[in-house]
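Please work through each task before reading its solution.

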Amino acid sequence: MTRVLIADDQALLRGSFRVLVDSAPGLEVVGEASDGVEAVALTRRERPDVVLMDVRMPEMDGIEATRRICAETDVRVLMLTTFDLDEYVYAALRAGASGFLLKDTRPADLLAAIEVVAAGDALLAPSVTRRLVTEFARLPPGPTPRLDGVTAREQEVLSLIARGLSNDEIAARLHLGIATVKTHIGRLLHKLAARDRAQLVIAAYESGLVRPTAQ
């Protein structure tokens, strides 16, 4: 079973998410939090696989709660918000979130997203990805010290990850086997101290390896 913690300051939404998650095979809700402080405490106690985290909450917002959870545990966080805003996307991913979806996401897509994040992959809604790239476009070019230990081939793989290609697409583009691509990604995660693909995307852009094109 994939164990899920729900953090949202609106009781009605928490209840709706609980019913949805508990109705799905292989998923179960292990707790509900009404603010960031409670979310951090419950995560420490219950150690869920995934936290569904609202951005705007009292006492402590979802971004700070995510930062603390990701710093202290290997629990993965899927951000949910009604606000499709640049600063939230960037801050949430920097805090360690593995996914970012809007609350108007279809129920089936939300359940699929929980499974994706629980499996260790990253997930970003298309509109969120566009805004993230736009945010990076505003950043000045920076040095690449974080990539000193990354090989040329690994940099190729990293740049394709940052551009949104799947493992299959990367394998086809570089004429590699899937197992080889996964090996390169595993090494990148280790060398860049990244939790998942979302963190690799950030590393690629912040290092200057990839610069977004005009949108």
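A salt bridge is a side-chain nitrogen of Lys or Arg within 4 Å of a carboxyl oxygen of Asp or Glu. This is a predicted model, in which local features need pLDDT of at least 70 and side-chain atom pairs count only at pLDDT 80 or more, while totals for chains, interfaces and linings use all residues. Residues are numbered from 1 along each chain as its sequence is written, and side-chain values use heavy atoms, with hydrogens and water left out.

**Exercise 1.** State how many salt bridges a search of the whole structure finds, and examine the pair Glu72 and Arg44.

*Solution.* 
Step 1. The search of the whole structure returns 13 salt bridges.
Step 2. In the pair of Glu72 and Arg44, the closest N and O atoms are 2.7 Å apart.
Step 3. Because Glu72 belongs to helix α3 and Arg44 to helix α2, this pair ties together parts that are 28 residues apart in sequence. Helices (H or I, at least four residues) and strands (E, at least two) are DSSP runs, numbered from the N terminus.
Step 4. Glu72 is partly exposed at 42% relative accessibility, and Arg44 is partly exposed at 44%. Here buried means under 20% relative accessible area, exposed over 50%, and partly exposed in between (1.4 Å probe, protein chains only).

**Exercise 2.** Describe the surroundings of Thr66.

*Solution.* 
Step 1. Thr66 is part of helix α3 (residues 62–72).
Step 2. Its relative accessible area is 0%, so Thr66 is buried.
Step 3. A polar atom of the Thr66 side chain lies 2.7 Å from the backbone oxygen of Gly62.
Step 4. Not counting residues up to four places away in sequence, Thr66 touches Met53, Val77, Met79, Ala92, Ala95, Gly96 and Ala97, where contact means heavy atoms within 4.5 Å.

**Exercise 3.** Determine how Arg67 and Glu64 are related in helix α3.

*Solution.* 
Step 1. Their side chains meet in a salt bridge (2.6 Å, N to O).
Step 2. Arg67 and Glu64 are 3 residues apart in helix α3, so about one helical turn separates them.
Step 3. Arg67 is partly exposed at 37%, as is Glu64 at 24%.

Notes. A polar contact is a pair of N or O atoms within 3.5 Å; within protein, one must be able to donate a hydrogen and the other to accept it, and residues adjacent in sequence count only if both atoms are side-chain atoms.
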